[in-house]
Amino acid sequence: MRFGAAVLRSYEDPFTVEEVRLDAGPAEGEVLVRIAGCGMCRTDLAVRRSAGRSPLPAVLGHEGAGVVVETGGPETGLSPGDHVVLGFDSCGHCRGCLAGSPAYCDRFAALNLFGGRPEHAGRFTDAAGGALAPRWFGQSSFAAYAMVPARNAVRVDPSLPLELLGPLGCGFLTGAGAVLNSFGAGPGDTVAVFGAGAVGLAAVMAATAAGAVAVAVDRHPERLAFAEKLNAVPVHAASAGLPDRIRRLTDGGAQYALDTTGSGRLINDALRALRPLGHLGLVARLHTALALEPGTLDRGRRIFHICEGDAVPGLLVPRLTGLWRAGLFPFDQLIRTYPLSDINEAERDCEAGLVVKPVLIP
């Protein structure tokens, strides 16, 4: 079959929307999905800075949602017509996967970031027959169709707004999962979120939905205003004495802090803003050595990395859609849609901070 997709051919050039070709139907354990919408995540855009480790040319996109068109057999547990949200890939067999922690799969980097599954890779080409990289995050969903392992697909209620659900598979999953899974925050807890982008605002929504008090730290006034609409206490990142201010707002310090920025200064501020025994989770990739200031880890404070919100997508995605229906997780308010043909405009708007979460509609 032939269909349209956004192809990134070099690390410097814009995306090109062109015809691609899939030469075979689903293999055992796979499903073919017609994409209704796909979120643009900063991990997609970080490919441009991956120092050649992510193979090109490639079809990126890993926040897809759509309708199952064909399955590779009954063992997939899915049927044509099912509405699905697509998550990250995992092997299903290693210690992490068997322990219910697929985000810590032994093959996570290889499957999602640096090549994808090698099985059947040659069937996915451009219109001239030129090879495209194997599936990005098991999806490559900046496209009209995606062939995915059934393990990646979470069935959702068909009454939900399918074209908007894709970011629940990564960005919103990561922020919400950090609060609900990694921290286990609940009533009486305080959560300070550093960076009010898509991941950070999802964390804010999850914290307030769980009954915790959320503090949002960012340098963009419009992001802080949005966080305040979501019931967070807004604090400008350049505020004098930032840790002291957060401690005052949280009656002695936050129990939990989440950094989505990767900024060494803000990470140190976040640690200083914690109460004794407080936890700081990091979700952004660090590009330089992290120097921790003296005293930041005193009194039982901890710092750790969180991948994909410590989530099992099949469990967390339905929980988040349930919270949305209850008016407690209004993720749709963070989204602006673009036609797939406007992918380069969506990228520019995302990089400029003009949109929280772009979603591309094939």
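Visitor: What counts here?
Guide: The model is predicted: local features need pLDDT of at least 70, side-chain atom pairs count only at pLDDT 80 or more, and totals for chains, interfaces and linings use all residues. Residues are numbered from 1 along each chain as its sequence is written, and side-chain values use heavy atoms, with hydrogens and water left out.

Visitor: Which residues touch the most other members of the largest nonpolar core?
Guide: Phe142, Leu165, Phe172, Val179, Val191, Phe329 and Phe331, out of 105 residues. A nonpolar core is a set of buried Ala, Val, Leu, Ile, Met, Phe, Trp, Tyr and Cys residues joined through side-chain atoms within 4.5 Å. Buried means under 20% relative accessible area (1.4 Å probe, protein chains only).

Visitor: Which helix gives the largest share of this core?
Guide: Helix α5, residues 198–209, with eight residues. Helices are DSSP runs (H or I, at least four residues), strands likewise (E, at least two), numbered from the N terminus.

Visitor: What is Phe331 in contact with, leaving aside neighbours within four places in sequence?
Guide: Leu164, Leu165, Leu168, Phe172, Met205 and Trp324. Contact means heavy atoms within 4.5 Å.

Visitor: New topic. What is the strand order in the open sheet of four strands?
Guide: β4-β1-β2-β7, with antiparallel pairing. Two strands pair if DSSP finds at least two bridges between them. The edge strands are β4 (58–59) and β7 (124–126).

Visitor: How many bridges join β1 to β2?
Guide: Six, between residues 2–8 and residues 16–22. Val7 has Thr16 in β2 as its bridge partner.

Terms used
Buried < 20%, exposed > 50% of the residue type's maximum accessible area, 1.4 Å probe, protein only.
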